[in-house]
Amino acid sequence: MKRLTILFLANLLTATLFAQITPDAEYAINQVNPDHIKADMTYLADDLLQGRQPGTDGFALASKYVETQFMSMGLLPGVDGKSYVQPVTLKKGIVNESESSLVLVSKGDRTALVYDEDFMLQPNLVNVMSDVSGQLVFVGYGVHAPELGYDDYQKIDVKNKIVVFFNQAPESFPSNERAYFSSAPVKYEEAVKRGAIGAITMQLPGDQRTSWEAAVRRSKQGTSRWADATGKAQNTFEQLKVIATFNPANAEKLFASSGKKMDAIINSIKNNKPQSLPLNLEARMTVSSETSSIATSNLIGIIPGSDPVLKNEYVVYVAHVDHFGIGVPVKGDSIYNGAHDNASGTSIALEIARTYKRLKEPTKRSIIIAIVTGEESGLLGSDFFASNPTIPQQSMVANFSMDMPFFFHPVLDIVPYGAQHSSLSKPLGEAAKYLNLGIGPDPFPEQVVFIRSDHYSFIKKGIPSLFIKSGFKTVESDKVDRSVADVAWRRTTYHTPQDDMSQDFDFNGAATHVKVNFLTGYQVANDPQRPTWNKGDFFGGKFGPKLIIEKR
Ligand SMILES: [Zn+2]
């Protein structure tokens, strides 16, 4: 009797624990097929598609593939009910290096610096010729964060001057706040607000995130922004007439006249002390840009919900399908296949769609699968969709992003970026428990992952979001520490032509990402309450409440 009671209680506990995960959902995830993911990735990352750069035939092939997959699954066309294709126009600029320059002037002495060796310039998408002269002012990280008691601008006036700052944000900030304040647009906006007319940015000397050589290679691809209906590039910070990136190895050239030692400056930066100082130096910068328009597209498919009211709300899954195309050869290969980045996320999103389509009873809310363009140029396709959604913006209740989640080994635990900010942590916790997955903290706060993928476009519109990556729990058979291996991958393979299908992927690990993203979204889509930001949350406060205020 006692045993029976315990058994009964245990069953009851399981039933309440996973009350939201129905037999129907269980059936659907049991059919998740790693071979589907492998097959989709194998096509999308093939040399035939030439790196899927927006505007190329390779991108068009990838796009057509996704479109026909949507069709064969029976997704509803997400654009006016007629088409899966949401056209996106990108304005692209490439610097004409021979007509661009950066000259430093100190007490009448002019030093012309060398392009690619000392500096690079960002193309100006609004004015093909743009120049600026002004005093250089160092402003630390260029961060104004009164809510965190930190302000690099507190003692200095930058009006009509050129600001110089390091990338990133103070280590003392909580991980995601740090990510927010490291974002270039947030820093540019602050500089513009204070009247700056140009900017020079650089990595902290010794920062291992990416090499100067990789940054130079990448800059040759140009810079793009999405254009509005009139063809004007958006989010350009025109008041900053020239924006330069400086080689941190040569940073001494900027600080030589400041009367301060470089080491001392770096030290106080590393000790999270706000700082600013005039560099007693003038810069004259000229940038000549060649601009062009690129016609590209997002793909939007819908799985309609079953509830007469809630079906007008949407859980959005997003993955970018674009990559870098053909570029500077590395180890004799010039095709940037982007197998992990992000044929993988696209393929996972397609399998998530198939999983929803397997349900006998569709979820109450509708599901959107958005396969987007232009992520590699700055989250452009997702920002375009979040800013110009094909359904009312307020009807998007949650976002899930799939972008190179890491599956070079079995996935035993996950790192869910965004979980600590909203009520999405609850369904996520249920899904993880059900799948027997551990949940780990952000292992690389310095990578500012939270602002580096498409979910961030939705967060900026106040939509609670999750970006789930694999964790680093090890098993005995692991030959190397997973976190070490993943950092090494970022350094050697990330954004190179070597990110191709010859890598040792674990497609069962990819299937785990399908399951955890599906199961979490499934609960959200059936919950009568829409997800909310946590009370007092930083991102909810920055982006969320506006929606609530508008509603009142
Ligand atoms: Zn990428």
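What covers the buried residues of α11? The list includes β2 (85-95), β11 (223-226), β13 (277-303), β14 (314-320), β17 (366-372) and α13 (455-459). Helix α11 spans residues 380-387 and is mostly covered, with seven of its eight residues buried. Those seven are Leu 380, Gly 381, Ser 382, Asp 383, Phe 384, Phe 385 and Ala 386. This is a predicted model.

## The whole protein

The protein has 17 helices and 21 strands. Its radius of gyration is 24 Å, close to the 24 Å that the globule rule gives for 552 residues, so the protein is as compact as a globular protein of that length. The C-alpha trace spans about 90 × 55 × 50 Å along the principal axes. Of the 552 residues, 48% are buried.

Contacts can also be sorted by separation in sequence. Take those between residues at least 6 apart: 84% of them join residues at least 24 apart.

## A helix with a buried face

Helix α6 covers residues 184-193, and its buried residues are Lys 187, Tyr 188, Glu 190 and Ala 191. Down the axis of α6, these buried residues fall within an arc of 160 degrees, so they line one face of the helix. The general rule is that an α-helix has 3.6 residues a turn, so residues three or four places apart point the same way.

What does the buried side of α6 pack against? Its partners are strands: β7 (144-145), β9 (162-166) and β10 (198-202). The face of α6 turned away from the buried side carries the exposed residues Pro 185 and Lys 193. After α6 comes Gly 195, which has a positive phi, near 90 degrees.

## Two helix pairs

Two packed helices are described by the angle between their axes and the distance between the axes. Two pairs are set out here.

| Helix pair | Axes come within | Crossing angle, roughly |
|---|---|---|
| α4 (residues 57-73) and α10 (residues 339-357) | 10 Å | 10 degrees |
| α3 (residues 34-44) and α15 (residues 507-526) | 8 Å | 105 degrees |

Start with α4 and α10, whose axes cross at roughly 10 degrees. That angle makes α4 roughly parallel to α10. On the α4 side, Val 66, Gln 69 and Met 73 take part. They meet Thr 346, Leu 350, Ala 353, Arg 354 and Lys 357 of α10. By class, this contact has four nonpolar, two polar and two charged residues.

Now take α3 and α15, whose axes cross at roughly 105 degrees. Are these helices roughly parallel or roughly perpendicular to each other? They are roughly perpendicular, because angles of 65 to 115 degrees count as such. From α3, the contact draws on Pro 34, Ile 37 and Lys 38. From α15, it draws on Phe 507, Asn 508, Ala 510 and Ala 511. The residues of the contact of α3 with α15 divide into five nonpolar, one polar and one charged.

## Backbone details

A cis peptide bond joins Asp 341 and Asn 342, with omega at about 5 degrees. Asn 342 is found in α10.

Gln 50 lies in the loop between α3 and α4. Its phi is positive, near 50 degrees, in a residue other than glycine. Is Gln 50 buried or exposed? Gln 50 counts as buried, because it has 20 C-beta neighbours inside 10 Å and 20 or more is the cut-off for a buried residue.

Met 404 is found in the loop between β18 (396-401) and β19 (413-417). Met 404 is not a glycine, yet its phi is positive, at about 25 degrees. Met 404 has 23 C-beta neighbours inside 10 Å, so it counts as buried.

## Around Trp 212

Where is Trp 212? Its place is in helix α7 (residues 212-219). Trp 212 has 18 C-beta neighbours inside 10 Å and therefore counts as partly exposed. Leaving out residues up to four places away in sequence, Trp 212 touches Asn 247 and Ala 249. Asp 116 is 96 residues from Trp 212 in sequence, and the two are 8.9 Å apart in space, C-alpha to C-alpha.

Key:
Residues are numbered from 1 along each chain as its sequence is written. This is a predicted model: local features need pLDDT of at least 70, side-chain atom pairs count only at pLDDT 80 or more; totals for chains, interfaces and linings use all residues. A residue is buried if 20 or more other C-beta atoms lie within 10 Å of its own, exposed if 12 or fewer, and partly exposed in between; C-beta atoms are placed from the backbone. Helices (H or I, at least four residues) and strands (E, at least two) are DSSP runs, numbered from the N terminus. The arc is that of the directions from the helix axis to the C-beta atoms. Two residues are in contact if their C-beta atoms, placed from the backbone, lie within 7 Å. The radius of gyration is taken over C-alpha atoms; the globule rule is 2.2 Å times the number of residues to the power 0.38. Axes are lines fitted to C-alpha atoms, for helices over the stretch in contact, and angles run from 0 to 180 degrees between N-to-C directions. Angles under 35 degrees count as roughly parallel, over 145 as roughly antiparallel, 65 to 115 as roughly perpendicular and the rest as oblique. Ala, Val, Leu, Ile, Met, Phe, Trp, Tyr, Cys and Pro count as nonpolar, Asp, Glu, Lys and Arg as charged, and the others, Gly among them, as polar.
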